[in-house]
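This report is written for a reader who wants to go through the side-chain links and the packing of a single protein chain. Please keep the sequence and the three-dimensional view at hand while reading.

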Amino acid sequence: MHRFTRFTAAAAIALALGLVAPSGFTPSAFAQGAMPAKTGQSAGGPVLTDSKGMTLYVFDRDSGGKSACNGQCATNWPPLMAPAGAKAMGDYSVVTRDDGTMQWAYKGKPLYAWAKDGKPGDTTGDGVNNVWHVARP
């Protein structure tokens, strides 16, 4: 019985410290207050990246803090999704997409990845159709 009590106490401490996550939760669920994007490096200088280090982009056709990239566009340019209940912080805001999901924006511009970037540091989406650009800090 004492072993179970010690194990339970140790598990509770590890959970409270964020060392382990309960089933069904992702580490980002514990990252309350963490910025939604990071600054990474590319051959062209600093860029905003997602949690995996992949370059983020902005779309010229977005306006008024609203995404204009839906359907097949969003398949090619996956939005940087925000969890339910996400709140604006610093230069980051949250926009509601046409399907009701939430997306992160930087300085009012919704953020996207590019499906054809293969590794962190790639910027192959920069300049696509003259309307996609690397998001810069």
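The model is a predicted one, and every value given here was computed from it.

**The disulfide**

The count of disulfides comes to 1, and the bond in question joins Cys69 and Cys73, whose sulfur atoms are 2.0 Å apart. A disulfide is a covalent bond between the sulfur atoms of two cysteines. The torsion about the S-S bond of Cys69 and Cys73 is about -110 degrees, so this disulfide is left-handed. The two partners can also be described by their accessibility: Cys69 is buried, with a relative accessible area of 0%, whereas Cys73 counts as partly exposed at 21%.

**The salt bridges**

The count of salt bridges comes to 2, and they are set out in the table with the separation of nitrogen and oxygen in each pair.

| Asp98 | Lys66 | 2.3 Å |

Asp98 counts as exposed, at 53% relative accessibility, while Lys66 counts as partly exposed, at 39%.

Is Asp122 buried or exposed? Its relative accessible area is 16%, and because buried means under 20%, Asp122 is classed as buried. When neighbours within four places in sequence are left aside, Asp122 is in contact with Thr55, Tyr57 and Asp117. The C-alpha atom of Asp122 is separated by 9.6 Å from that of Gly53, although these two residues are 69 residues apart along the chain.

Ser67 is found in the loop between β3 and α2, and with a relative accessible area of 5% Ser67 is buried.

In soluble globular proteins, nonpolar side chains tend to be buried together. The largest nonpolar core of this model has 13 residues, and those with the most contacts inside it are Leu48, Leu56, Tyr92, Trp104, Leu111 and Ala135. Apart from that core lies another, of 11 residues, which includes Tyr57, Cys69, Trp114 and Val134. The surroundings of Leu111 can be followed residue by residue: with neighbours within four places in sequence left aside, its contacts include Leu48, Leu56, Tyr92, Trp104 and Ala135, and also Tyr57, Val58, Pro79 and Leu80.

**A strand pairing**

Strand β1 (residues 38–42) pairs with strand β2 (residues 45–49) in the antiparallel sense, over 5 bridges. These strands form a hairpin with 2 residues between them, and within the pairing Gln41 stands opposite Pro46 in β2.

How values were computed
Residues are numbered from 1 along each chain as its sequence is written. This is a predicted model: local features need pLDDT of at least 70, side-chain atom pairs count only at pLDDT 80 or more; totals for chains, interfaces and linings use all residues. Side-chain values use heavy atoms; hydrogens and water are left out. A disulfide is a pair of cysteine sulfur atoms within 2.5 Å. Buried means under 20% relative accessible area, exposed over 50%, partly exposed in between (1.4 Å probe, protein chains only). Contact means heavy atoms within 4.5 Å. A nonpolar core is a set of buried Ala, Val, Leu, Ile, Met, Phe, Trp, Tyr and Cys residues joined through side-chain atoms within 4.5 Å. Two strands pair if DSSP finds at least two bridges between them. Helices (H or I, at least four residues) and strands (E, at least two) are DSSP runs, numbered from the N terminus. A salt bridge is a side-chain nitrogen of Lys or Arg within 4 Å of a carboxyl oxygen of Asp or Glu.
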